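Hi,

Here is the model I promised to pass on. Have a look at it first, and then read my notes below.

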Amino acid sequence: MNNRRREVEVNRSETLKYIRLKRNIDSEKEKLRKEIADKKREFTQEDLLRMSEEVFSVLEITGSFRDASTIFIYNSMPDEVATRDFIEKWKHEKNFYFPVVVNNNLVFRHFTENTTYTKSKIGVDEPSGVDFLDFGKIDMVIVPGVAFDRKGNRLGRGKGYYDHFLSGIKAPKVGVCFDFQLYDQIPVSDNDVKMDVIVAENDLIW
């Protein structure tokens with residue numbers, strides 16, 4: 001009986017430690033999200049667009065991008081590395097797919113000249129069309145994020161959509177960010193999926 005009681009007490013102690021650790025990590029993540037949001041306000045929209053071009057100019061020189069045909073990318077929000085000009089530049093040579101949130105999961109749909117869109121709850125244009133399911137044919141996934149670090153870790157907006165989706169994807173995962181979003185180390189949870197490559201204006205991390 002005493003052994004069983006001790007076992008229960010140990011398990012309870014470990015559970016409490018885990019809960020405290022998770023709360024601390026979640027708190028640190030929220031602080032970092034606020035820090036990045038404050039930094040973004042220091043730049044004009046024109047600044048962010050110019051910096052976005054620099055980010056993608058780095059990606060374009062990589063062999064993995066040049067060889068990629070089927071690319072999952074995102075339809076950027078105003079505070080993210082802008083994707084529209086990049087997609088317009090390469091749309092005749094690459095097949096791009098945009099994410100859509102369906103029942104709290106990400107699905108991806110083909111971008112074409114005739115694609116129609118609906119607004120998501122957070123104001124992102126999400127494409128209509130057929131869900132792409134042949135994940136073995138994905139050559140690259142270009143991933144947005146709030147912050148990244150030099151070990152490949154990514155901090156998202158907190159919903160977990162990308163982490164859940166990327167956990168089952170074997171294609172190279174490329175995080176794109178502005179220089180001020182790249183840190184030596186960021187808070188990480190067990191279910192956070194690492195990037196294979198991180199691209200910033202003046203950095204390329206493999």
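First, the ground rules. This is a predicted model, so local features need pLDDT of at least 70 and side-chain atom pairs count only at pLDDT 80 or more, while totals for chains, interfaces and linings use all residues. Residues are numbered from 1 along each chain as its sequence is written, and side-chain values use heavy atoms, with hydrogens and water left out.

**Fold**

The protein chain has five helices and twelve strands (DSSP runs numbered from the N terminus: H or I of at least four residues for helices, E of at least two for strands). Of its 206 residues, 45% are buried, where buried means under 20% relative accessible area, exposed over 50% and partly exposed in between, with a 1.4 Å probe and protein chains only. Among contacts (heavy atoms within 4.5 Å) between residues at least 6 apart in sequence, 66% join residues at least 24 apart.

Two bits of strand pairing are worth a look; two strands pair if DSSP finds at least two bridges between them. β2 and β3 (residues 105-110) run antiparallel over six bridges, and Val100 sits opposite Val107 of β3. These two strands make a hairpin with two residues between them, and Asn103 in the turn has a positive phi of about 55 degrees. Then there is an open three-stranded sheet in the order β8-β7-β10, with mixed pairing. Its edges are β8 and β10 (182-183), each with a single partner strand, so one side of each has no neighbour in the sheet. β7 (residues 147-149) and β8 are antiparallel, joined by two bridges; Ala147 has Leu155 as its bridge partner in β8.

**Core**

Leaving aside neighbours within four places in sequence, Phe86 contacts Phe56, Leu59, Glu60, Phe65, Ile73, Phe96 and Ile142.

**Phe178**

Phe178 lies in the loop between β9 (173-176) and β10, and counts as buried because its relative accessibility is 0%. Not counting residues up to four places away in sequence, Phe178 touches Leu48, Met51, Ser52, Asp79, Glu80, Val81, Ala200 and Glu201. Val55 is 123 residues from Phe178 in sequence, but their C-alpha atoms are 7.1 Å apart.

On a 1 Å grid over the protein atoms alone, a cavity is a set of points where a 1.4 Å probe fits but cannot get out, and a pocket is an open set with protein on both sides within 12 Å along at least five of seven lines; lining residues have an atom within 4 Å of a point. Points are joined across faces, edges and corners, and a volume is the space filled by probe spheres set on them.

The largest pocket holds about 1,100 Å³. Its lining has 45 residues, with Arg157, Gly158, Lys159, Gly160 and Tyr161 nearest the centre. α1 gives the most to that lining, eight residues.

Among the residues lining the largest cavity are Asp79, Glu80, Val81 and Val176.

Cheers
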